[in-house]
Amino acid sequence: MHAPADRRAARRSDHSYGWQAKCPGQREDIKAFFEIHIEQGCVLENEALPIGVVSAIVGIIRVRIKFKGQAAHAGTTPMHMRSDALLAAAQTACDIRHVAAQMSSQKPEHYVVATCGQFNVKPNASNVVPGFAEISVEMRSDHRPSMEALHRQLGHIAAQAAAMNQVTLLSCETVTDTQPVVCAPQLMAHIRDASDSLGLPYKVMPSGAGHDAAFLSHISPAAMIFVPSKEGKSHCAQEWTSAKELAQGVSVLIDAIERFDGVHQ
């Protein structure tokens, strides 16, 4: 089963996530949604497992942070007299990563990651102390309270970094915010049973990436099957999953759908 074209289009835009709040609710003509996908990570490959049974799909909070310092000559401005916006941004990126890693280790039952993937520095010259820096921070988790706690921490971290480096925190703007989605337990059970019947070991695991199933879950029960990705590579020319691994995943998918169909006949 596939999402209607207008909903697929909505998923592609960061500014269109709000459609899920307007969704009319469960549909009677769609009884279940099963999705199969490459893992896009290296967990299954590292553990030599052919199947991943997805437990939840992470929510995502993206934040844009801007710091204003004072551009100055890199050679003639003493270190203690600098107002370096890039230092505040870099410190924020390092500190939020540390907090996310700490949260993940303290509560391993929840998946938590934080990434600083974009930097914009001005005037961006090798001989000038940066007077402005902008970064994007993305936080993902399958556990909403963990997402919110990390989000709150980010605000404190950015403010502290600004104060320590004698710069101004101009803004800390939340750009997008999506909820994590828990996969339907009854569909997960069919996938586990199908894997067992086919003699394929599996791992119950969260998805750190967003997927169609997260959006379809608002109108029907949804679940996902992962197959391994070579070296975790995805969205690149080196992305690879063997024919055997794909066939195993499809076999589990067919078996799980037949089990679901048998229960609902």
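**Close-up 1. His211, a buried histidine with a relative accessible area of 3%.** Buried here means under 20% relative accessible area, exposed over 50%, and partly exposed in between (1.4 Å probe, protein chains only). You are looking at a predicted model, in which local features need pLDDT of at least 70, side-chain atom pairs count only at pLDDT 80 or more, and totals for chains, interfaces and linings use all residues. Residues are numbered from 1 along each chain as its sequence is written, and side-chain values use heavy atoms, with hydrogens and water left out. To find His211, follow the loop between β10 and α7 (212–216); helices (H or I, at least four residues) and strands (E, at least two) are DSSP runs, numbered from the N terminus. The His211 side chain makes a polar contact with the side chain of Ser207 (3.3 Å). A polar contact is a pair of N or O atoms within 3.5 Å; within protein, one must be able to donate a hydrogen and the other to accept it, and residues adjacent in sequence count only if both atoms are side-chain atoms. Beyond its neighbours within four places in sequence, His211 is in contact (heavy atoms within 4.5 Å) with Glu35, His37, Gln40, Ile57, Met224 and Phe226.

**Close-up 2. The second largest pocket, with its lining of 18 residues.** Nearest the centre of this pocket lie Glu39, Tyr111, Pro206, Ser207 and Gly208. The elements giving two or more residues to the lining are β5 (112–122), β7 (132–141) and β10 (202–207). Of these, β10 gives the most, with five residues. A pocket is an open set of points on a 1 Å grid over the protein atoms alone, where a 1.4 Å probe fits, with protein on both sides within 12 Å along at least five of seven lines; lining residues have an atom within 4 Å of a point.

**Close-up 3. Thr241, in the loop between β11 (222–227) and α8 (243–264).** Thr241 counts as buried, at 9% relative accessibility. Its side chain reaches the backbone oxygen of Pro228 at 2.7 Å. Leaving aside neighbours within four places in sequence, the contacts of Thr241 are Ile38, Val227, Pro228, Ser229 and Leu246.

**Close-up 4. Cysteines in a model with zero disulfides.** A disulfide is a pair of cysteine sulfur atoms within 2.5 Å. Cys116 is in no disulfide, and the nearest cysteine sulfur, that of Cys94, is 8.8 Å away. Cys116 is partly exposed, with a relative accessible area of 23%, whereas Cys183 is buried, at 3%.
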